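Trainee: I'm new to this one and would like to learn how to read it. Could you walk me through it?

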Amino acid sequence: MSNRISISSGSPFEDVFGYCRAVKTGNLLEISGTVALVDGDKVKEDDLYAQTYNIIERIAVVLEEAGSSLEDVVRTRIFTTDISKNLDIAKAHAHFFSKIKPTTGIYEISALIAPQYKVEIEFTAWVKE
C-alpha cells in the first residue's frame, strides 16, 4: 500500500469539515473542490471566466508543491451555479487545458458555500516519481 500524504491549505474549514486541500497516494493526487478568491476587483462575483481562471492558477501552485503540474491533470469536475455561463467557464478551462485535454464534466448545482462563488472545481492528477 502506498503512503498517504495529506496536503493542507491552512483553511480553518479543513478542521470544521474534516478534509484537506489534497491527498497524494502513490502517484495519484486528488484535489478538493476549490473556489476562486473573489476580491471584487480582479475576480468579480458575476465573472465566471475570472473565477475559473483564478481557481486553475491557484491549483497550479498546489500541483507544483505536490510534485505535479497542470500537464499531469487527468480529470476536472466543474460545478457551477449558472450553467448558462458555461462558455465563459469553458474558455478559461481551455486556456490552460486545450492541449492537455483532461476528462471533465460540468454540473449545475443550486448553490456553493457562499453566494459570491459561482464555480468550484475538483482536480485529479498524476504525480511523477
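Trainee: Which elements each supply at least two residues of the lining of the largest pocket?

Mentor: First, the idea. On a 1 Å grid over the protein atoms alone, a pocket is an open set of points where a 1.4 Å probe fits, with protein on both sides within 12 Å along at least five of seven lines, and lining residues have an atom within 4 Å of a point. Here, α1 and β3 each give at least two lining residues, and β3 gives the most, with three. Those labels come from DSSP runs: helices are H or I with at least four residues, strands are E with at least two, numbered from the N terminus.

Trainee: What volume does the largest pocket have?

Mentor: About 390 Å³. Of its 14 lining residues, the closest to the centre are Phe13, Tyr19, Gly33, Val35 and Ile113. Keep in mind that this is a predicted model, where local features need pLDDT of at least 70 and side-chain atom pairs count only at pLDDT 80 or more, while totals for chains, interfaces and linings use all residues. Residues are numbered from 1 along each chain as its sequence is written, and side-chain values use heavy atoms, with hydrogens and water left out.

Trainee: Is strand β6 mostly covered or mostly open?

Mentor: Buried means under 20% relative accessible area, exposed over 50%, and partly exposed in between (1.4 Å probe, protein chains only). Strand β6, residues 119–126, is mostly covered, with six of its eight residues buried.

Trainee: Which residue is the bridge partner of Thr34 in β6?

Mentor: Two strands pair if DSSP finds at least two bridges between them. Thr34 has Ile121 as its partner in β6; β3 and β6 run antiparallel, joined by six bridges. Strand β4 (residues 73–80) also runs antiparallel to β6, with seven bridges, and Thr80 stands opposite Val119.

Trainee: How many salt bridges does the structure hold?

Mentor: In general, side chains of opposite charge can pair when their charged atoms come close. The cut-off is a side-chain nitrogen of Lys or Arg within 4 Å of a carboxyl oxygen of Asp or Glu. There are three here. One of them joins Glu122 and Arg77 at 3.6 Å, N to O; Glu122 sits in β6 and Arg77 in β4, 45 residues apart.

Trainee: And Asp72 and Lys128, what do their side chains do?

Mentor: They meet in a salt bridge at 2.9 Å, N to O. Asp72 is in the loop between α2 and β4 and Lys128 in the segment after β6, so the pair ties together parts 56 residues apart in sequence. Asp72 counts as buried at 13% relative accessibility, whereas Lys128 is exposed at 56%.

Terms used
Points joined across faces, edges and corners; volume = space filled by probe spheres on them.
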